[in-house]
Amino acid sequence: MKIRNARCWSKAGPERYLAGIAGVCIAFAMRYVLHPVLHDDMSMLFFAINCIVIAFFYGFWPSFWMLVISIPIAFFFFVEPFNTFEPGLDKADVLTLVVYSTLVGLAAVMLELLHRERYKSALLVLVSDTRYRLLVEADEDRRVALKQK
């Protein structure tokens, strides 16, 4: 049986994007506090963790948009030279961008597909339970009709 609304497993509305923005702010704060220790290393780690958590709770699209927001923030504040976009991206920065974007995208897609299948199976359980109840009621009606004859 094909379930068409399996993609609707997460709640709609602005709360998922607000939670994502709050997560970006928390990731920024954590990375900013650890900046003296980490310096130029792992510039997108906390942002990637936030995107994966958002993908788990709210789905692919909020996670995707949080990644789009996080990339310029991470490269502006946490990649040398700090607080500027002037020299552009070198090979290492592009590699970092590709690696983190690929990992976050892959994790978000996998989580989305898993949630859709879980939601689909829950809907199928409800459908089969309803069909079973209808079958039992029809059988009881048939037995009552046979007894009355």
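Author: Buried here means under 20% relative accessible area, exposed means over 50%, and partly exposed is in between (1.4 Å probe, protein chains only). This is a predicted model, where local features need pLDDT of at least 70 and side-chain atom pairs count only at pLDDT 80 or more, while totals for chains, interfaces and linings use all residues. Residues are numbered from 1 along each chain as its sequence is written, and side-chain values use heavy atoms, with hydrogens and water left out.

Reader: Okay, what makes Ser 43 count as buried or exposed?

Author: Ser 43 has 3% relative accessibility, and the cut-off for buried is under 20%, so Ser 43 counts as buried. Ser 43 sits in the loop between H2 and H3; helices here are DSSP runs (H or I, at least four residues), numbered from the N terminus.

Reader: Which residues is Ser 43 in contact with, leaving aside its neighbours within four places in sequence?

Author: With those neighbours set aside, Ser 43 touches Arg 31, Ala 74, Phe 78, Val 79 and Thr 96. Contact means heavy atoms within 4.5 Å.

Reader: And His 39, what is its relative accessible area, and what is it called on that basis?

Author: His 39 comes out at 38%, which lies between 20% and 50%, so it's partly exposed. His 39 is also in the loop between helix H2 (35–38) and H3.

Reader: Which other non-glycine has a positive phi?

Author: Asn 83 has one of about 60°, and Asn 83 is in the loop between H4 and H5. Pro 81 lies in that loop too, between H4 and helix H5 (91–148). The peptide bond from Glu 80 to Pro 81 is cis, with omega near -10°.

Reader: Let's do Gly 59: what relative accessible area does it have, and is that buried or exposed?

Author: It's 2%, which is under 20%, so Gly 59 is buried. You'll find Gly 59 in the loop between H3 and H4, and just after H3 it takes a positive phi of about 110°. Gly 59 and Leu 18 are 41 residues apart in sequence, yet C-alpha to C-alpha they are 13 Å apart in space.

Reader: Why are H3 and H4 described as they are, in terms of direction?

Author: The axes of helix H3 (residues 45–58) and helix H4 (residues 60–78) cross at roughly 170° and come within 9 Å. Axes are lines fitted to C-alpha atoms, for helices over the stretch in contact, with angles from 0 to 180 degrees between N-to-C directions. Angles under 35 degrees count as roughly parallel, over 145 as roughly antiparallel, 65 to 115 as roughly perpendicular and the rest as oblique. H3 and H4 are therefore roughly antiparallel to each other. On the H3 side the contact includes Phe 47, Cys 51 and Ile 54, and on the H4 side Met 66, Leu 67 and Ile 73 are among the residues.

Reader: How do the residues of that contact divide?

Author: There are 11 nonpolar, three polar and no charged. Ala, Val, Leu, Ile, Met, Phe, Trp, Tyr, Cys and Pro count as nonpolar, Asp, Glu, Lys and Arg as charged, and the others, Gly among them, as polar.

Reader: How do you know that the span of H3 agrees with expectation?

Author: The expected span is 1.5 Å times one less than the number of residues. The 14 residues of H3 should therefore span 20 Å, and its end C-alpha atoms are 20 Å apart, which agrees. H5, with 58 residues, reaches 85 Å from its first C-alpha to its last, close to the expected 86 Å.

Reader: And Val 125, buried or exposed?

Author: Val 125 is at 52%, and the cut-off is over 50%, so Val 125 counts as exposed. Val 125 belongs to helix H5, where Tyr 100, Val 104 and Leu 111 are among the buried residues.

Reader: What makes a nonpolar core, and how many residues has the largest?

Author: A nonpolar core is a set of buried Ala, Val, Leu, Ile, Met, Phe, Trp, Tyr and Cys residues joined through side-chain atoms within 4.5 Å. The largest one has 16 residues, and Met 44, Phe 47, Cys 51, Leu 67 and Val 104 have the most contacts inside it. Helix H1 (15–33), H3, H4 and H5 each supply at least two residues of this core, and H4 gives the largest share, five residues.
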